[in-house]
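Open the structure in your viewer and keep the selection tool ready. We will go stop by stop.

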Amino acid sequence: MPRHPRPPLHEPVQLIRQDIVQRSLVIADAPCPGLLELCFMLRNPWRFLDDITSDWKMASALMEWSLETIVESYAHMLGQLPSQPDIIVYSDDLGFHDSMFLSPTDFRTHLLPRLRTLLARIRRLTSAAICFHSCGAIRPIIRDIADLGVDIVNVDTKARGMAVREIRQSLSASTVLHGAT
């Protein structure tokens, strides 16, 4: 995909005064869509889902381009901040209210290895805790997400099968379950 330039990166909005940053918890929100979401935007969700099953070369190229673009956007954002954040958010909606966009097998085959690479590269950019946010009924892969080494998991507890008690039991005691009451 060398003929397809990456989108221009913009300066992060400075919402916190410098003197407050030093005393407050700083959370760096996701500077761009997640891996699956970006592939959906580039190709169209239905076409990309079809690519996963019938045109793996196209799907692979889109995921690799997206991975590089996402890492570049995090590097740019972190380089523009006055100090390292305490928490960095990675957001990728992997499902909808009733199910996941990919089967657990397809997720583990195609997306999980790239997510592992992506989060490892973000981890090299910052020592901040990583919060993985995903909407949708992603219960079948919640353990896979936690095993990526994320510190905080933020999920949609109103989606099917996303009961807080079961999710909490599938996560290690050291993984923070955020946003669930």
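Are F40 and F48 buried or exposed? Select the two residues and look: both F40 and F48 are buried. Bear in mind throughout that this is a predicted model.

**Stop 1: the aromatic rings**

Stay on F40 and F48. Their ring centres lie 6.0 Å apart and their planes meet at 70 degrees, so this pair is edge-to-face. The cut-off for that label is over 60 degrees. Together with F40 and F48, they form one aromatic cluster. How many aromatic pairs are there by the ring-centre rule? The count comes to 4.

**Stop 2: Y90 and F132**

Clear the selection and pick Y90 and F132. The ring centres of Y90 and F132 are 5.3 Å apart, with planes at 50 degrees, so the pair is tilted. This pair links distant parts of the chain. Y90 sits in strand β2 (residues 87–91), F132 in strand β3 (residues 129–134), and 42 residues separate them. Y90 and F132 are both buried.

**Stop 3: two helices**

Next, colour residues 45–54 and 56–80. These are helix α3 and helix α4. How do they pack? Their axes are 6 Å apart, at an angle of about 120 degrees. The two helices are therefore oblique to each other. Show the side chains where they meet. From α3, select F48, D51, I52 and S54. From α4, select W56, M58, A59, L62 and M63. The residues of this contact divide into 7 nonpolar, 1 polar and 1 charged. F48 is a residue from the first stop, where it belongs to the aromatic cluster.

**Stop 4: R43**

Move to R43. Where is it placed? R43 belongs to helix α2 (residues 35–43). Draw a distance from its side chain to that of D51: a polar contact of 2.6 Å joins them. Then show the neighbours. Leaving out residues up to four places away in sequence, R43 touches F48, D51, M58 and L62. F48 and D51 are in α3, while M58 and L62 are in α4.

**Stop 5: S172**

Finish in a loop. Select S172, which lies between α7 (164–170) and β5 (176–178). How exposed is S172? It is partly exposed, with a relative accessible area of 28%. R143 and S172 are 29 residues apart along the chain, and their C-alpha atoms are separated by 9.0 Å.

Note on methods:
Residues numbered from 1 in each chain as written. Predicted model: local features only at pLDDT ≥ 70, side-chain atom pairs only at ≥ 80, totals over all residues. Heavy atoms only, no water. Axes fitted to C-alpha atoms, helices over the stretch in contact; angles between N-to-C directions. Helix = DSSP H or I, 4+ residues; strand = E, 2+ residues; numbered from the N terminus. Parallel < 35°, antiparallel > 145°, perpendicular 65-115°, else oblique. Contact = heavy atoms within 4.5 Å. Nonpolar A, V, L, I, M, F, W, Y, C, P; charged D, E, K, R; others polar. Polar contact = N/O pair within 3.5 Å; in protein donor to acceptor, adjacent residues only side chain to side chain. Phe/Tyr/Trp six-rings, centres within 6.5 Å; stacked < 30°, edge-to-face > 60°. Buried < 20%, exposed > 50% of the residue type's maximum accessible area, 1.4 Å probe, protein only.
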